[in-house]
Amino acid sequence: DHVDDFEPLEGIGRTFEKRLYEAGITTFELLAAATVDQLAEIVHAPAIQGVSYAGWIQQAQELLAAR
């Protein structure tokens with residue numbers, strides 16, 4: 001199965017990437033199709049980190065458009 005590397009995306013490090021993979025979000029297509037609420041439920045980023053889930057979705061969409 002194909003798995004995309006999310007770490008180059010702004011705001012996604014190893015820990016968040018691992019949580020996304022464990023939840024079955026393993027490709028830019030799946031990340032782009034996710035909702036902000038879904039990502040927040042999966043990743044549980046501390047509020048202090050100011051994670052932009054909408055930004056992750058947008059970055060994934062832009063990467064797909066560039067393919």
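**Basis of the entries.** I am working from a predicted model, in which local features need pLDDT of at least 70 and side-chain atom pairs count only at pLDDT 80 or more, while totals for chains, interfaces and linings use all residues. Residues are numbered from 1 along each chain as its sequence is written, and side-chain values use heavy atoms, with hydrogens and water left out. Helices (H or I, at least four residues) and strands (E, at least two) are DSSP runs, numbered from the N terminus.

**Confidence.** I noted a mean pLDDT of 95 for the protein, with 100% of its residues at 70 or more; pLDDT is the predictor's confidence in each residue, from 0 to 100. Among the elements, helix 3 has the lowest mean pLDDT (96), and helix 2 (residues 28-33) has the highest (98).

**Helix 1 against helix 3.** I then listed the residues that meet here, which are Phe16, Arg19 and Leu20 in helix 1 and Leu39, Ile42 and Val43 in helix 3, with contact meaning heavy atoms within 4.5 Å. By class, this contact has five nonpolar, no polar and one charged residues; Ala, Val, Leu, Ile, Met, Phe, Trp, Tyr, Cys and Pro count as nonpolar, Asp, Glu, Lys and Arg as charged, and the others, Gly among them, as polar.

**Helix 3 against helix 4.** I found helix 3 and helix 4 packed at an angle of about 110°, their axes 9 Å apart, which makes helix 3 roughly perpendicular to helix 4. Val36, Leu39, Ala40 and Val43 of helix 3 make the contact with Tyr53, Ala54, Trp56 and Ile57 of helix 4, and by class I recorded eight nonpolar, no polar and no charged residues.

I looked at histidine 44, which lies in the loop between helix 3 (36-43) and helix 4 (53-66). Its phi is near 50°, a positive value in a residue other than glycine. Most residues other than glycine have a negative phi. Histidine 44 counts as exposed because its relative accessibility is 57%, exposed meaning over 50% relative accessible area, buried under 20% and partly exposed in between (1.4 Å probe, protein chains only).

Leaving aside neighbours within four places in sequence, glutamate 17 is in contact with Asp4, Asp5, Phe6, Glu7 and Ile12; its C-alpha atom is separated by 6.1 Å from that of phenylalanine 6, eleven residues apart along the chain.

Glutamate 22 is placed in helix 1 (residues 14-22), and at 59% relative accessibility it counts as exposed. Glutamate 10, in the segment before helix 1, also counts as exposed, at 64% relative accessibility. With neighbours within four places in sequence left aside, I found glutamate 10 in contact with Trp56 and Gln59.

Terms used: Axes fitted to C-alpha atoms, helices over the stretch in contact; angles between N-to-C directions. Parallel < 35°, antiparallel > 145°, perpendicular 65-115°, else oblique.
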